[in-house]
Amino acid sequence: MSTAIPGLAPEVPLALPTPVERALPNGLSVSLVRRPGVPLAEVRLSVPAAHADLAVADMLAAALFSGTEGSTMTQIAQRLQGVGGALGAGADPDRIAVSGNCLSSGLAELLDVLGEILTAADYPAEPLAVEQSRIIDGLSVAEQQPEFQVSRALDARLWGDHPYGHQQPTAAEVGDVDRGAVLALHASRVHPAGARLIIVGDIDPDGAWAAVEKSLSAWNGAGEPRRMEPLPSLKPGPIVLANRPGSVQSAIRVAYPAVARTHPDNAAQHLANLIYGGYFTSRLVMNLRESKGYGYSPRSRVDHSPAGSVQLTSVDVATEVTAPALAEIVAELRGMAENPPDEAELDLARRYALGSVKLATATQSGIAGYTSALAACGLPLSWLAEHSERLRAVTAADIKRVAAERMNPDGAVSVILGDGEHVTGPLADSSEIEVL
Amino acid sequence: MTVATIPAPAFAIETFRLANGLRVVLAPDPGAPVVGVAVVYDVGMRSEPEGRTGFAHLFEHMMFQGSHNVGKAEHMRHVQSAGGTFNGSTHIDYTDYFNLLPSGGLELALFLEADRMRGPAITEENLENQVSVVKEEIRVNVLNRPYGGFPWLKLPPVMFDTFPNAHDGYGSFGDLEAATVDEAQAFFDAFYPASNAVLSVAGDFTVETARDLVERHFGDVPARPAPVHPSFAEPNLDAERRESYVDERATLPAVAMAWRIPDPVTELAEFLPYVVLGELLTDGDASRLVERLVHRDRVATAVAAHATFMAEPFASRGPTALLIQAFLPPGGDVDTVMAGVHEELARVAEGVDEAELGRVKARVAAQLLRSDDSVMGRSRRLATAEVFHGDATMATRFAVLLGEVTAESVARAAAALTPNRRAVIEVVPGGNQ
């Protein structure tokens with residue numbers, strides 16, 4: 001340690017672009033963000049879809065670009081490709097989302113294609129059947145992936161009968177979907193009321209707005225919006241063990257309560273999560289990876305969804321160290337209140353958090369993604385600047401209090417996917433287990 | 001879309017070389033208050049010693065274990081305390097280390113990269129710990145999932161005969177466990193001199209400041225000779241090679257085919273048509289193979305084609321390949337898919353419509369531009385352009401060069417993908433059986 005580590009140059013303040021906010025008479029909210037850089041435009045559309053049947057919604061998303069009354073799938077794909085563009089769609093319990101990008105010179109063309117599919121997607125039988133088979137085939141592969149398997153078990157354990165408890169339809173459910181159901185879902189739910197379109201890039205907002213007006217004003221109908229009920233509280237209980245014979249690793253997931261972005265404790269929660277396991281310099285990574293070599297990417301994150309928030313530790317470890325790794329996770333969680341961070345540990349996490357906001361908003365796709373995620377929780381992009389100020393004000397006492405309230409392992413829900421033959425015994429020595 | 005309308009990124013690029021041989025690329029862009037700092041070393045999996053598969057990647061991990069003035073795990077702590085992120089990645093022909101930080105952290109990142117360029121702290125304890133971490137990484141990415149390593153680890157041993165080209169670059173557990181401190185030091189001595197590296201900085205800074213900081217921190221990194229890069233050349237195939245393996249976690253049959261293609265560096269003009277061909281075959285629902293195999297014949301559920309094993313056509317050397325991979329519905333017949341591919345290649349060989357070619361080129365250009373959206377991606381692309389093509393500014397010209405590819409050359413490329421030069425690897429699903 002001979003040479004002095006250079007300090008940081010004076011901080012350049014966060015400079016968020018100011019979105020131009022507009023709305024079409026049909027109810028579509030539009031955020032337009034000029035962000036020069038590369039000559040591209042990023043497009044995100046979110047349509048509320050609470051309580052839509054997920055299997056039907058997945059089919060709708062997969063076949064959205066499969067043809068309209070006037071265009072074939074190939075013609076649609078060619079028009080997008082001609083402006084360097086691509087569009088894709090997906091569904092989750094809250095929404096049907098379309099995202100894509102194109103050369104900014106081709107934005108009007110991409111929006112025109114978007115307008116056509118929103119108003120006239122026809123889900124022709126043959127392409128729909130192809131997409132149905134592809135989803136089913138894809139599920140058969142996904143169902144072999146530990147990440148997918150453990151997420152499914154965790155969602156069910158955490159949320160039960162709430163729509164978040166079943167976020168991935170089964171092959172059988174997808175197989176039961178017919179064209180009529182897809183058309184009916186489009187007719188009832190794919191509407192501009194409550195929907196938000198976000199365009200970020202090397203664009204002229206006035207020009208982009210004119211293109212939006214031209215291509216999306218004809219999209220209409222109020223639809224039948226439904227509200228998503230809030231997530232239920234976590235119910236602690238025995239560790240759920242999902243057996244995966246032959247698995248060479250165990251996927252350990254430990255969930256514990258979190259508050260929403262709008263809660264006064266959110267900034268402290270953000271930093272507490274970082275200190276515990278939310279970045280490389282965290283206690284969890286230093287212990288499980290750099291000291292013990294148990295896992296490649298131990299991590300903890302706070303998930304903010306429209307229906308509620310949760311914190312989640314994820315660690316994939318070699319089968320033989322499953323029980324000791326879980327013991328370390330529990331000890332580190334408990335340590336957040338019993339051995340709270342000092343000013344130096346807190347300040348390190350704070351600087352990381354403040355920098356992360358700058359990094360995440362430094363790109364067109366980052367701004368598009370952040371704008372979309374915040375809007376889903378009813379917040380504007382400028383919330384990031386307010387959040388940054390709140391991060392600066394968090395004290396070590398705040399961290400200790402927040403950790404004691406919500407990072408207590410006694411209030412957690414744990415799910416482990418692994419080879420039951422090898423992990424059940426060691427886990428049962430220290431914990432109560434429920435085998436799926 | 002014609003060549004003239006393909007937009008080029010609008011940032012300046014300055015390059016220079018320090019006395020110790022380090023090549024430096026500076027690309028200032030005040031668009032956002034962040035900087036990307038990348039160091040690319042001209043060594044990859046192909047250069048690791050026989051009996052030490054996975055060594056280049058293991059060594060990449062060792063570069064994060066501390067150096068002269070930086071303790072274990074402190075590289076990460078310093079970057080993160082500046083509000084930044086970091087990572088490293090090991091490729092077939094290069095290894096890169098990259099940092100993205102708020103612009104106030106530029107000097108810190110340069111200091112950290114210079115410090116480990118003088119030599120990482122290679123100890124028994126760190127090596128043993130990182131062997132464990134790498135084994136977990138391999139379990140996550142290869143052993144514990146369906147199609148792990150398909151096709152990038154599975155195809156080379158079918159196509160190639162020599163160790164550098166054919167071996168598993170992630171490494172066997174036996175080889176990883178046998179790695180020694182002395183070997184790590186020897187690897188550093190051979191492949192990590194400043195003269196074998198490119199430093200690239202993109203983002204919010206002035207050229208004058210960055211140049212001074214680079215001189216200050218890297219100027220006294222000792223000068224050492226760059227390694228001589230041996231030729232990895234192997235004869236082309238003159239008869240088809242085909243192998244298969246059972247993947248116990250796979251549920252769908254899959255197949256990957258590959259053909260040797262011109263050298264991405266020394267035969268760039270002849271190589272570029274294959275990059276365009278890959279996009280023409282499988283990018284989007286309008287592409288030839290997606291339309292034919294997925295939508296019309298329904299013999300594949302997904303198909304993808306790309307030039308070079310890790311789909312990085314501008315950061316690769318030869319010998320390399322064009323790959324076409326397909327996942328089939330349950331019970332699907334691989335030979336039917338291969339016959340369909342063969343027919344479509346023959347159709348492309350008969351000629352390509354200019355309108356279709358123009359659309360494909362527009363999409364290729366947009367995808368290249370998108371990788372410049374982040375200054376981190378930009379710094380990495382500039383660095384690899386300097387390493388492989390000896391000119392960082394090539395990174396901004398690839399889209400235009402691809403735009404100049406003619407329909408005739410794409411047709412010729414397709415015609416060259418004949419069954420007798422093909423290497424094929426087939427995945428037999430064992431999952432759910």
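User: How many Å separate the centres of domain 1 of chain A and domain 2 of chain A, taken over C-alpha atoms?

Analyst: In this predicted model, the two centres are separated by 30 Å when they are taken over C-alpha atoms. The domain assignment places domain 1 of chain A at 20–216, and domain 2 of chain A at 239–435.

User: Which elements give two or more residues to the side of domain 1 of chain A that touches domain 2 of chain A?

Analyst: Start with the contact as a whole, in which 22 residues of domain 1 of chain A meet 22 residues of domain 2 of chain A. On the domain 1 side, the elements giving two or more residues are strand 2 (29–34), strand 3 (40–48), helix 5 (146–159) and strand 6 (196–201) of chain A. Helix 5 of chain A gives the most, with eight residues. By class, that side of domain 1 of chain A has ten nonpolar, five polar and seven charged residues.

User: How should I read the crossing of helix 9 of chain A and helix 12 of chain A, and at roughly what angle do their axes cross?

Analyst: The axes of helix 9 (residues 266–278) and helix 12 (residues 343–360) of chain A come within 9 Å and cross at roughly 110°. Angles from 65 to 115 degrees count as roughly perpendicular, and therefore helix 9 of chain A is described as roughly perpendicular to helix 12 of chain A. From helix 9 of chain A the contact draws on A:H270, A:L271, A:L274 and A:I275, while helix 12 of chain A supplies A:E345, A:L346, A:A349, A:R350, A:Y352 and A:A353. The residues of this contact divide into seven nonpolar, one polar and two charged.

User: Are helix 12 of chain A and helix 14 of chain A roughly parallel or roughly antiparallel to each other?

Analyst: Here the axes of helix 12 of chain A and helix 14 (residues 383–393) of chain A come within 10 Å and cross at roughly 170°. Angles over 145 degrees count as roughly antiparallel, so helix 12 of chain A and helix 14 of chain A are roughly antiparallel to each other. The contact is made by A:R350, A:A353, A:L354 and A:V357 of helix 12 of chain A, together with A:L384, A:S388 and A:L391 of helix 14 of chain A. By class, this contact has five nonpolar residues, one polar and one charged.

User: Turning to the two chains, how many residues does the contact take from chain B and from chain A?

Analyst: The contact takes 66 residues from chain B and 67 residues from chain A. On the chain B side, the elements that give two or more residues are helix 2 (74–81), strand 5 (95–102), helix 3 (106–117), helix 4 (124–143), helix 11 (288–296) and helix 13 (354–370) of chain B. The residues on that side of chain B divide into 30 nonpolar, 21 polar and 15 charged. As for confidence, the predictor gives the complex an ipTM of 0.93 and a pTM of 0.94, and for chain B the mean pLDDT is 94, with 97% of its residues reaching 70 or more.

User: Is B:V246 buried or exposed?

Analyst: A residue counts as exposed if 12 or fewer other C-beta atoms lie within 10 Å of its own, and B:V246 is therefore exposed, with 11 other C-beta atoms within 10 Å. B:V246 lies in strand 7 (residues 241–247) of chain B. Leaving aside its neighbours within four places in sequence, B:V246 is in contact with B:V428 and B:G430. From B:L106, B:V246 is 140 residues apart in sequence and 49 Å apart in space, C-alpha to C-alpha.

User: Where in chain B is the place of B:Y147, and what is its phi near?

Analyst: The place of B:Y147 is in the loop between helix 4 and helix 5 of chain B. Its phi is near 60°, a positive value in a residue other than glycine, and B:Y147 is buried, with 21 other C-beta atoms within 10 Å. B:P151 is placed in the loop between helix 4 and helix 5 (156–159) of chain B, and the peptide bond from B:F150 to B:P151 is cis, with omega near -5°.

Note on methods
Residues are numbered from 1 along each chain as its sequence is written. Chains are lettered from A and ligands numbered from 1 in the order in which they are written. This is a predicted model: local features need pLDDT of at least 70, side-chain atom pairs count only at pLDDT 80 or more; totals for chains, interfaces and linings use all residues. Domain bounds come from an automatic or database domain assignment. Two residues are in contact if their C-beta atoms, placed from the backbone, lie within 7 Å. Helices (H or I, at least four residues) and strands (E, at least two) are DSSP runs, numbered from the N terminus. Ala, Val, Leu, Ile, Met, Phe, Trp, Tyr, Cys and Pro count as nonpolar, Asp, Glu, Lys and Arg as charged, and the others, Gly among them, as polar. Axes are lines fitted to C-alpha atoms, for helices over the stretch in contact, and angles run from 0 to 180 degrees between N-to-C directions. Angles under 35 degrees count as roughly parallel, over 145 as roughly antiparallel, 65 to 115 as roughly perpendicular and the rest as oblique. pLDDT is the predictor's confidence in each residue, from 0 to 100. A residue is buried if 20 or more other C-beta atoms lie within 10 Å of its own, exposed if 12 or fewer, and partly exposed in between; C-beta atoms are placed from the backbone.
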